[in-house]
Protein chains: 6
Amino acid sequence: MRILIVNVNTTQAITEAIAEQARSVASPGTEIVGLTPWFGAESVEGNFESYLAAIAVMDRVLSYDQPYDAVIQAGYGEHGREGLQELLEVPVVDITDAAASTAMYLGHAYSVVTTLDRTVPLIEDRLKLSGLYDRCASVRASGLAVLELEADPQRAVEAIVEQAERAVRDDKAEVICLGCGGMAGLDEQIRQRTGVPVVDGVSAAVTIAESLVRLGLSTSKVRTYATPRVKKVIGWPMQFGR
Amino acid sequence: MRILIVNVNTTQAITEAIAEQARSVASPGTEIVGLTPWFGAESVEGNFESYLAAIAVMDRVLSYDQPYDAVIQAGYGEHGREGLQELLEVPVVDITDAAASTAMYLGHAYSVVTTLDRTVPLIEDRLKLSGLYDRCASVRASGLAVLELEADPQRAVEAIVEQAERAVRDDKAEVICLGCGGMAGLDEQIRQRTGVPVVDGVSAAVTIAESLVRLGLSTSKVRTYATPRVKKVIGWPMQFGR
Amino acid sequence: MRILIVNVNTTQAITEAIAEQARSVASPGTEIVGLTPWFGAESVEGNFESYLAAIAVMDRVLSYDQPYDAVIQAGYGEHGREGLQELLEVPVVDITDAAASTAMYLGHAYSVVTTLDRTVPLIEDRLKLSGLYDRCASVRASGLAVLELEADPQRAVEAIVEQAERAVRDDKAEVICLGCGGMAGLDEQIRQRTGVPVVDGVSAAVTIAESLVRLGLSTSKVRTYATPRVKKVIGWPMQFGR
Amino acid sequence: MRILIVNVNTTQAITEAIAEQARSVASPGTEIVGLTPWFGAESVEGNFESYLAAIAVMDRVLSYDQPYDAVIQAGYGEHGREGLQELLEVPVVDITDAAASTAMYLGHAYSVVTTLDRTVPLIEDRLKLSGLYDRCASVRASGLAVLELEADPQRAVEAIVEQAERAVRDDKAEVICLGCGGMAGLDEQIRQRTGVPVVDGVSAAVTIAESLVRLGLSTSKVRTYATPRVKKVIGWPMQFGR
Amino acid sequence: MRILIVNVNTTQAITEAIAEQARSVASPGTEIVGLTPWFGAESVEGNFESYLAAIAVMDRVLSYDQPYDAVIQAGYGEHGREGLQELLEVPVVDITDAAASTAMYLGHAYSVVTTLDRTVPLIEDRLKLSGLYDRCASVRASGLAVLELEADPQRAVEAIVEQAERAVRDDKAEVICLGCGGMAGLDEQIRQRTGVPVVDGVSAAVTIAESLVRLGLSTSKVRTYATPRVKKVIGWPMQFGR
Amino acid sequence: MRILIVNVNTTQAITEAIAEQARSVASPGTEIVGLTPWFGAESVEGNFESYLAAIAVMDRVLSYDQPYDAVIQAGYGEHGREGLQELLEVPVVDITDAAASTAMYLGHAYSVVTTLDRTVPLIEDRLKLSGLYDRCASVRASGLAVLELEADPQRAVEAIVEQAERAVRDDKAEVICLGCGGMAGLDEQIRQRTGVPVVDGVSAAVTIAESLVRLGLSTSKVRTYATPRVKKVIGWPMQFGR
């Protein structure tokens with residue numbers, strides 16, 4: 001099967017890192033295609049950038065002209081997943097949801113450690129809308145921006161470990177979710193440092209997408225995610241960055 | 001003061017109707033400027049269209065080059081309000097929130113009567129995220145699309161009255177919110193037919209926006225709605241329809 | 001229009017301060033009438049005093065024999081608003097609700113800073129019943145009694161600023177509500193000290209009451225706030241302090 | 001021990017019926033003293049009457065000049081319990097709470113059948129504030145006023161049975177609470193007709209009050225229910241009906 | 001009447017202590033019978049042990065061949081109560097629920113102080129399922145195992161007092177529940193040390209069980225707790241320890 | 001990898017059907033081992049039977065003496081999963097959770113269609129404890145007992161379809177979960193009849209268990225699911241049916 005994994009920012013290096021992480025856990029026979037939006041911010045750390053990413057991701061996916069079986073939206077706490085679900089028949093998996101639903105199988109409560117403090121409410125809101133917030137012990141910010149994570153992985157590990165330890169000790173988390181697509185690949189180090197299971201959303205999303213495809217399941221079209229009605233839409237698809 | 005009221009769809013006639021409704025309740029000295037997005041759908045009835053509207057609204061507001069004191073986003077249950085709040089200092093009022101917070105002063109529970117069934121979850125989710133859902137008795141669909149409302153106001157009244165009466169009788173609503181920007185102006189007829197207060201979101205939003213300005217209040221910039229960080233953003237602003 | 005603003009305690013100086021604050025934000029053409037209950041406590045800081053205030057406020061409003069367009073109950077976290085709504089057709093606005101619903105337009109979460117610790121649960125319960133608690137980050141006590149606030153405004157500012165700063169830093173509040181009618185007028189100082197928007201409930205209530213009147217909205221009479229049934233009531237109206 | 005059971009309305013016959021019901025379940029050695037407020041409505045069916053009852057009950061209890069061990073407030077869904085708790089050291093039991101906490105030992109969910117529809121929100125709000133709402137399947141109105149219940153018990157039984165049966169069938173209630181002090185004594189008939197346990201709040205409150213006294217427990221005075229601060233209170237105690 | 005009080009662990013000394021505590025609060029005429037399961041763990045401090053206790057308690061009660069009027073399950077936060085309710089007609093009272101529902105009459109919020117940290121989620125989950133969690137300020141662990149409590153009561157008091165004080169100061173608890181059957185008898189000391197009411201679950205459960213019996217109430221059999229259907233069950237009753 | 005799938009009842013035919021269903025979706029290289037408890041009920045339809053199953057499942061798994069990588073508990077809404085998680089290092093997946101977390105990727109809300117009405121509260125409570133209830137539109141009973149499902153699959157399909165259609169139409173479900181291990185294999189027929197995605201819990205659980213193993217994730221041992229402390233346990237392991 002072929003799974004599209006779409007970055008929410010326009011930094012190609014992050015797309016590649018995410019796709020690489022996805023490939024490392026994909027089943028034999030699964031092809032991972034990494035996509036970078038044609039427009040948007042070099043990193044997504046707030047609502048404006050996230051809304052822009054929402055349609056940039058839809059736009060990028062619609063412009064992909066080969067068949068595929070599922071789509072992963074590889075941003076943490078981002079807007080847009082519901083729009084993709086309307087536009088597509090194949091399953092759509094958001095890495096925020098994937099990390100959370102996976103973590104819930106491993107412990108009584110989980111925490112998310114993310115980048116900047118300003119993104120915490122976005123992640124909380126995303127989890128609330130997805131119905132996966134009840135067992136969330138906390139969402140904590142490491143204080144590092146997305147591109148800082150990329151630039152200095154070891155500093156990232158230290159900052160994440162610090163917050164993860166607080167989450168376990170003070171917030172009673174039993175599992176840690178890595179709250180940024182760019183943290184893919186740090187899970188093993190952080191697990192060793194904290195002693196609790198660490199879930200990387202990209203990896204989790206790959207297994208969930210594969211599972212949905214294998215089970216022959218696709219997005220329900222009876223109500224919320226019904227195909228958009230036929231109507232006049234100006235300026236869409238965008239694809240202008242192409 | 002000057003208040004921008006931004007339609008979420010690209011149908012100019014709806015922008016005009018909304019602006020007209022806004023003017024009818026504005027205080028003397030308040031100038032209402034109606035804006036239509038440069039791109040997007042002719043009516044917004046789902047997530048894809050709503051996400052597209054989210055950035056189209058931001059784009060349209062950013063391209064407005066005169067001073068203004070507040071912005072009203074005139075779509076019901078739409079995405080995007082948080083993005084505008086990041087980009088602007090002035091208050092931003094969503095008509096979904098405005099109708100709900102106003103209704104809560106008038107009765108113990110309120111219901112929303114909207115257009116199509118597929119938009120019900122969007123409105124519920126918007127109210128949940130805004131923290132205004134606790135006293136929501138129900139969100140009900142009239143079954144009429146946005147443009148049908150425009151085309152046949154009397155049929156719209158009948159369909160809305162039917163659902164409003166059910167909301168009062170079965171769901172124990174004590175106030176009805178008109179759940180579509182295009183319903184502006186129908187409130188008085190529906191109040192007479194149902195006997196309960198009817199809140200039009202556009203009207204409510206105008207008074208709230210004026211109030212916030214008069215009180216000298218503006219969007220908090222300490223966390224969620226802090227100005228986006230300076231970074232490279234490709235393809236923005238869009239404004240290509242201009 | 002004429003708006004009655006009713007103090008919940010029997011301290012005339014507080015009534016005057018509240019009315020003055022209300023006048024300072026009222027629209028041209030709005031007459032503010034301050035009322036002091038005929039009986040009750042000199043300050044309201046708990047359930048007994050608040051229940052007494054509930055009927056003292058109703059009693060005082062009923063004894064006002066001129067026409068009016070709206071009533072503001074100027075106590076924070078107090079009982080009684082629902083009773084007034086039954087007795088009157090005109091809108092009734094509680095300043096607790098007014099501050100909260102206004103704050104929710106300005107930030108993702110708000111905190112209330114009030115007087116004594118013992119009043120915190122009253123405020124929390126009032127906000128829960130009003131359906132405005134979801135985005136409440138915390139209710140914090142300054143430790144100052146109502147009359148101490150009156151007596152030493154500068155000390156009040158210091159105590160409120162301290163708790164407001166904790167609310168922003170520890171509870172993630174983005175807006176502060178001043179949780180006492182007697183704090184009216186301190187908002188600007190506290191905003192300057194904390195850097196976040198500060199909402200004074202009296203001011204907010206004036207704009208909301210004016211808005212409801214302008215929109216022609218009045219209390220729903222279909223269920224919870226229906227006029228009391230005609231029956232024998234002993235010892236009412238009270239008005240004995242007159 | 002001596003338990004005061006205070007009616008919330010001024011109808012002496014109801015006080016007597018309530019006290020009689022209380023005596024029928026009291027332990028040997030428990031003296032039940034029925035009290036009728038000096039002022040207030042002949043029946044309490046709404047917020048205004050309930051707030052008036054709140055202070056009339058406090059006023060009546062304070063004017064009782066003999067020792068006592070506990071107080072029962074015998075109104076369903078009424079205001080005021082928290083005020084009594086501040087004024088007294090001895091335990092205070094509201095029959096709404098008593099019925100609910102008892103019902104929760106008997107089935108997975110309970111419903112309340114009360115008098116008029118307008119009192120339903122009061123009962124729901126009382127249960128929410130008391131933290132006993134989670135297992136409430138519904139609050140249903142029989143459509144009979146308090147005094148109609150008194151006047152025609154057989155009609156009352158029929159009306160209550162009808163709603164109780166709907167609660168069991170449609171709302172999945174497994175226990176029924178009789179939602180009016182005036183329903184005391186109907187429980188056995190309704191149990192026979194519906195086949196589910198029926199809890200009378202007055203009876204339940206007597207056993208709870210006795211239990212608290214036997215266990216040596218009294219109201220916590222550390223925060224919410226601390227004794228009111230010493231201050232000037234005008235027009236209190238009232239006791240003018242005496 | 002006769003009340004069975006069933007220990008959840010197999011330590012006979014704890015059964016005796018619990019039964020002794022129960023007898024000290026029982027009414028004249030109430031016979032308390034302490035039962036120890038035939039199998040299971042010497043102390044219950046986690047899910048495996050608690051599930052084992054669930055059926056060991058049912059097994060032990062079923063093997064009791066004299067008449068009885070109510071059953072108390074004397075473990076804190078344990079599984080199994082719902083099973084007993086299916087098997088029996090007489091009321092079943094869990095001490096976790098009993099402490100909580102009693103505490104709610106005494107203060108606005110309560111905390112539980114229990115043994116080991118690992119049992120905290122069990123207690124929270126039990127209270128959530130019982131619908132008694134809304135007014136729970138916190139569940140705190142003293143760090144002492146069940147058998148350590150038994151062995152060194154004074155050390156237990158110190159550890160419990162420390163957590164109780166934090167609950168009152170930091171979590172705003174107004175009442176403390178002793179969260180372990182083995183803490184029975186420590187309530188008075190802890191009340192003196194903390195100044196807030198302290199509820200012992202065993203004592204509370206005795207008064208609740210007696211009350212339910214006196215009121216003639218028994219478990220509802222219409223749905224959740226209906227008698228198990230007749231079917232083939234292998235290996236039950238177990239009673240092998242007999 | 002090897003996955004143990006444990007039936008919760010003692011009917012061997014159901015174990016075989018479940019294992020067969022599991023094998024039909026398992027990846028190449030995954031060995032599915034079906035286990036039947038040594039004791040317990042021939043079908044599990046209530047709390048007593050479910051608690052008995054809880055330890056029977058633990059007992060059966062512990063007596064399995066070959067290596068394995070994950071365990072699936074194949075009962076819907078059953079007790080016991082947390083006990084297994086304490087006893088094992090490998091991931092444990094309950095099919096109730098698996099169906100729900102899978103359904104949440106496919107639609108905005110899901111409903112469960114189960115067997116008898118008496119099992120509905122068990123399923124609701126299981127989903128609440130697992131933190132997966134927020135997007136549950138309803139749990140509906142088909143009215144068929146577990147063994148009736150086995151005996152007459154076509155009648156089962158009809159009864160399930162009827163409730164599924166009501167769930168979609170009245171409760172606004174967008175996905176249906178088959179709420180009984182014994183329904184495995186009916187999903188395709190029901191999907192065709194209702195037009196919405198249908199999730200079989202056994203199939204979903206297999207893919208989730210495989211995913212957790214592939215990702216190298218295991219149960220967190222820091223708190224709730226820590227290995228039971230070493231202590232004296234009488235009568236365990238049971239394994240007497242062997």
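Reply: Buried here means under 20% relative accessible area, exposed over 50% and partly exposed in between (1.4 Å probe, protein chains only). Helices (H or I, at least four residues) and strands (E, at least two) are DSSP runs, numbered from the N terminus. This is a predicted model, in which local features need pLDDT of at least 70 and side-chain atom pairs count only at pLDDT 80 or more, while totals for chains, interfaces and linings use all residues. Residues are numbered from 1 along each chain as its sequence is written, chains are lettered from A and ligands numbered from 1 in the order in which they are written, and side-chain values use heavy atoms, leaving out hydrogens and water.

Me: Which residues point one way from β6(A), and which the other way?

Reply: In a regular strand the side chains alternate between the two faces of the sheet. In β6(A), A:Y110, A:V112 and A:T114 point one way, and all the residues on either side are buried. The other way point A:S111 and A:V113.

Me: Why is strand β6 of chain A largely enclosed by the rest of the structure?

Reply: Strand β6 (residues 110-114) of chain A is largely enclosed because of the burial of its residues. The number buried is five of the five.

Me: Which residue of β8(A) stands opposite A:V113?

Reply: Strand β8 (residues 175-179) of chain A also pairs with β6(A) in the parallel sense over five bridges. The residue in β8(A) opposite A:V113 is A:L178.

Me: What is the relative accessible area of E:L84?

Reply: E:L84 belongs to helix α3 (residues 81-87) of chain E. Contact means heavy atoms within 4.5 Å; neighbours within four places in sequence aside, E:L84 touches E:V57, E:M58, E:V61, E:V71, E:Q73 and E:V92. E:L84 is buried, and its relative accessible area is 1%.

Me: What kind of aromatic pair do C:Y51 and D:Y51 form?

Reply: Rings of Phe, Tyr and Trp (its six-membered ring) pair if their centres lie within 6.5 Å; planes under 30 degrees apart count as stacked, over 60 as edge-to-face and the rest as tilted. The whole structure holds 15 aromatic pairs over all chains. C:Y51 and D:Y51 are 6.3 Å apart centre to centre, with 45 degrees between the planes, and the pair is tilted.

Terms used. Pairing = 2+ DSSP bridges.
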